[in-house]
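Some labels for residues rest on cut-offs.

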Amino acid sequence: MTQQRTPTLLYIDDDGALARLVDRGLTRRGFKVIHAASGEEGLERIRKAGTEGGIDVVALDQYMPGLDGLDTLEQIMAIPDAPPVVFVTASQDSSIAVTALKAGAADYLVKDVKGDFIPLLHVAAEGALRQAELQRAREEAEAEIHASRDRYAALAAERELLLREVNHRVGNSLQIIASLLHLQASSAAQDEVKAALTNAMGRVAAVAQVHRRLYTSQDLKSVVLNQYLDSLLEDLRRSAEGNRMSRLTVKAEPIEIDPDRAVAVGIIVNELVMNAVKYAYPDGAGPIHVELTSQGEDLLLSITDDGVGDNVKADPRSTGMGQRIVAAMASKLDATVERDPNHSGTRIMLRFRRTPAVAGKANSAAAG
């Protein structure tokens with residue numbers, strides 16, 4: 001078992017007889033007492049404490065030749081890691097006590113020439129030591145908190161950098177895949193193969209755009225949908241053959257959602273726009289509008305064309321894959337999917353919450 005160190009008290013007082021009384025009284029109570037006969041000597045002893053043994057607490061008399069107690073106290077407080085000070089005086093003037101406490105003294109007491117104050121000095125010294133220990137513990141805890149915050153900030157910055165790099169690499173890889181699909185589609189001889197590859201390219205590009213958005217964004221936890229949809233539809237325009245998408249427009253509010261839900265929105269837009277390109281205008285090209293608006297906590301996404309609507313002829317080569325993908329992504333968003341019966345062409349509307357629902361799921365339906 002480790003033996004507890006005896007605390008050392010430096011008693012600064014020009015009265016040698018009283019200092020001996022303090023020495024005997026506090027030694028019996030478990031202290032080691034060192035006497036300094038002046039403020040200058042006491043200051044020198046405190047400054048040398050690092051080489052001659054530490055001073056744990058100081059008892060400082062007010063009235064001394066040369067530096068008085070208040071002047072000495074002021075200089076002690078200027079020493080780094082100075083020990084706590086109990087201010088001692090024979091004066092009954094309370095203003096001295098107030099001045100000493102304001103200057104940094106841990107406690108204050110009135111002495112007498114017979115040494116009757118020594119038990120009070122013992123209590124005050126013990127209290128000053130406990131107060132100093134608590135202060136050190138608080139400072140160490142605060143230092144550890146600051147260090148932990150610094151470590152956390154460094155880790156967070158490193159994590160953000162790694163996430164950006166991951167998004168950059170994933171986005172580039174997906175873009176390469178989309179480009180390869182585009183090249184394959186361009187060289188395909190059969191129309192159904194060409195269409196399948198083009199559709200696959202659009203789906204890959206929708207995911208790649210999210211990663212590019214995250215790489216360039218200040219916030220890795222959200223995607224701004226108007227910017228995302230602008231970039232996504234620009235990719236669709238570039239990938240379309242001929243001039244079939246020259247009238248593709250987008251109108252979206254700057255709404256932020258999490259990346260996973262942004263991917264679902266992008267894939268839905270890709271499927272419905274490509275569906276409109278293939279079937280809405282059998283004789284050529286026409287307008288296709290993508291619109292995203294907020295309605296309270298809900299978001300409304302619509303893809304509209306002015307084409308043949310319900311008069312579209314069924315394509316015997318269709319696999320229904322697009323409808324199944326839209327239904328799956330709508331389920332992921334907890335979205336409802338409806339066709340506007342009053343629109344002469346085709347308008348598909350999806351309504352979903354800005355943030356995921358806590359409980360329950362809205363019914364989802366595939367686009368017709």
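Q: Where is Asp 334?
A: Asp 334 sits in the loop between α10 (321–332) and β11 (336–339). Helices (H or I, at least four residues) and strands (E, at least two) are DSSP runs, numbered from the N terminus. This is a predicted model, in which local features need pLDDT of at least 70, side-chain atom pairs count only at pLDDT 80 or more, and totals for chains, interfaces and linings use all residues. Residues are numbered from 1 along each chain as its sequence is written, and side-chain values use heavy atoms, with hydrogens and water left out.

Q: Why is Asp 334 called buried?
A: Buried means under 20% relative accessible area, exposed over 50%, and partly exposed in between (1.4 Å probe, protein chains only). Asp 334 has a relative accessible area of 16%, so Asp 334 is buried.

Q: Why does Asp 81 count as exposed?
A: The relative accessibility of Asp 81 is 80%, therefore Asp 81 counts as exposed. Asp 81 belongs to the loop between α4 (69–77) and β4 (85–89).

Q: What is the phi value of Asp 81?
A: Phi of Asp 81 is near 55 degrees, a positive value in a residue other than glycine.

Q: Is Gly 286 buried or exposed, and why?
A: Gly 286 counts as buried because its relative accessibility is 4%. Gly 286 lies in the loop between α9 (259–279) and β9 (288–295).

Q: Which residues does Gly 286 contact, leaving aside its neighbours within four places in sequence?
A: These are Arg 247 and Tyr 281, where contact means heavy atoms within 4.5 Å.
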